[in-house]
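Work through the exercises below with the sequence and the model side by side, and try each task before you read its solution.

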Amino acid sequence: MSIQTQSNLENYGYKQELKRSLSVWDLLVYGLIFMVPIAPMGIYGQVVQTANGMVVLAYFIGLVGMVFTAFSYSRMSEAFPIAGSAYSYVQRGWNPYVGFIAGWMILLDYILIPSLLYLVSASWLAELVPGVPTWVWIIVFVAINTFINILGVQMTNRANWIILAIEILTFILFGIMAFAYVAAHKGGTSFTIAPIYSSHGFSLSMVGAATSVAVLSFLGFDGISTLSEETKGGRKTVGRATVWALVVVAVLFMVMTYLAAVAYPDFNHFPDPNVAFYFIAERVGGTWLKLWCLVITVIAWGIANALAAQAAISRLLFSMGRDKMLPSILSKVHGKYKTPYVSTLLVAVVSIVVSCLSSINTLSSLVNFGALTAFMALNLTVVIYFFFKKRTGKWFSHLLMPLIGFSVLLYVWLNFSHTTFYFGIGWFVVGIIVLAISTKGLKDKPKILEIAK
């Protein structure tokens, strides 16, 4: 660790406690693993039916909305190269109280993502191995990921590289077989633009509803910023990895879903929409491809994605605990492995409880609500911090781009179901109460802001 790196962190009132070892390539892999290159396999049926077959369009609009937010993350990570993601950026760029609420809302995303992933993966395995209860699989997943995360970010990074290679192999296998199937016009299939656009069934409300589901697959690029204090290579490392991870995974999503859509054009008549993609895999490659895709998806979601999510949430809790905005015990770092082990263990316990007591649909909606709310706050922070406070005068990058990102996300946000809003607003109210208690009625600001230069 360089003296410059140490002094950079001290400028924000902190000392270097976590181990710096990650390159921009490691961060790119982490972001891809978090978003899961084969993520559409798990939710394909829901997205394609909501989008009236225009599944590629749904993912493209999701990319458009998220890429502006990714640039916002990039700019804020350069301005404030510290852990904490949206919490730290909004806290220091806009207002400490708004920052806490942004952190609290994205906490809803981060802390529920592992539970959602465990529940989905365990449900699929329960279908394959009916004799093993779902809760057993959940505990196995949690135990594996907690063990790897406590051992350190380097161990997590090695696991990420291996699993990413397996996911890319799965993507290639499906892509080749689906392309060959359609090229041979089997089952009356052909390459069309219907998965991209079709005048039949198109409407703005459909686009909003479909994108609000598809956007779940993009959540995770923001998690790269939680590793800011474990990276090497300068301030631009996190920003570059964030944008590239989003673009790369979006291209993979669109290619995969296009091939799936043209190989199985009758999207309204899957035997079971919840596992729609695996019927497509079976059609183009046989039973072995179906089972291969199912098993790899379980590994990708239940281990790889959840592993990255647990790492992200533990760093967010570490950051908020370090600022005394949450109990300070959450900021304790393991003496040997240099990891926030208390936060990691807390996430493990919460994941088991939530996974066993919740449903997939409820968790999916809440995860999206929390993330998009925090993303909107982050986009506004770019405008407030750079354009108004710093008076950079950069109309395009510091005003127009973040406002476009905010507008797209707001449109998707407004298309959430009433139930999602009820749960999401409930979580927001709890956050206000926690903020009021931790700041003695908004009288105290985090002391760390007084120490920072």
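**Exercise 1.** Does N379 count as buried or exposed, and at what relative accessibility?

*Solution.* Before starting, note that this is a predicted model, in which local features need pLDDT of at least 70 and side-chain atom pairs count only at pLDDT 80 or more, while totals for chains, interfaces and linings use all residues. Residues are numbered from 1 along each chain as its sequence is written, and side-chain values use heavy atoms, with hydrogens and water left out. The cut-offs come next: buried means under 20% relative accessible area, exposed means over 50%, and partly exposed lies in between, with a 1.4 Å probe and protein chains only. N379 has 0% relative accessibility, and therefore it counts as buried. To place the residue, find helix α14 (residues 360–389), where N379 sits; helices are DSSP runs of H or I with at least four residues, numbered from the N terminus. Finally, leaving aside residues up to four places away in sequence, N379 touches F68, T69, S72, P402, G405, F406 and L409, where contact means heavy atoms within 4.5 Å.

**Exercise 2.** Find which residues M206 touches, not counting residues up to four places away in sequence.

*Solution.* Start in helix α9 (residues 204–214), which contains M206. This residue is buried, with a relative accessible area of 7%. Its contacts are T50, A51, N52, M54 and G201. M206 and M54 are 152 residues apart along the chain, yet their C-alpha atoms are separated by 9.7 Å.

**Exercise 3.** Compare the length of helix α12 with its expected span, and find where the helix bends.

*Solution.* The expected span of a helix is 1.5 Å times one less than its number of residues. Helix α12 (residues 287–322) has 36 residues, and its first and last C-alpha atoms are 51 Å apart, close to the expected 52 Å. A bend of about 35° is found at A306, the bend being the angle between axes fitted to the seven residues ending there and the seven starting there.

**Exercise 4.** How many of the 12 residues of α2 are buried?

*Solution.* The count is 10 of 12, so α2 is largely enclosed by the rest of the structure. Among the buried residues are D26, L27 and Y30, and these three also belong to the lining of the second largest cavity. A cavity is a set of points, on a 1 Å grid over the protein atoms alone, where a 1.4 Å probe fits but cannot get out, and lining residues have an atom within 4 Å of a point. The largest share of this lining, four residues, comes from α8.

Definitions and conventions
Helix = DSSP H or I, 4+ residues; strand = E, 2+ residues; numbered from the N terminus. 1 Å grid on protein atoms, 1.4 Å probe; cavity = no way out; pocket = protein on both sides within 12 Å on 5 of 7 lines; lining within 4 Å.
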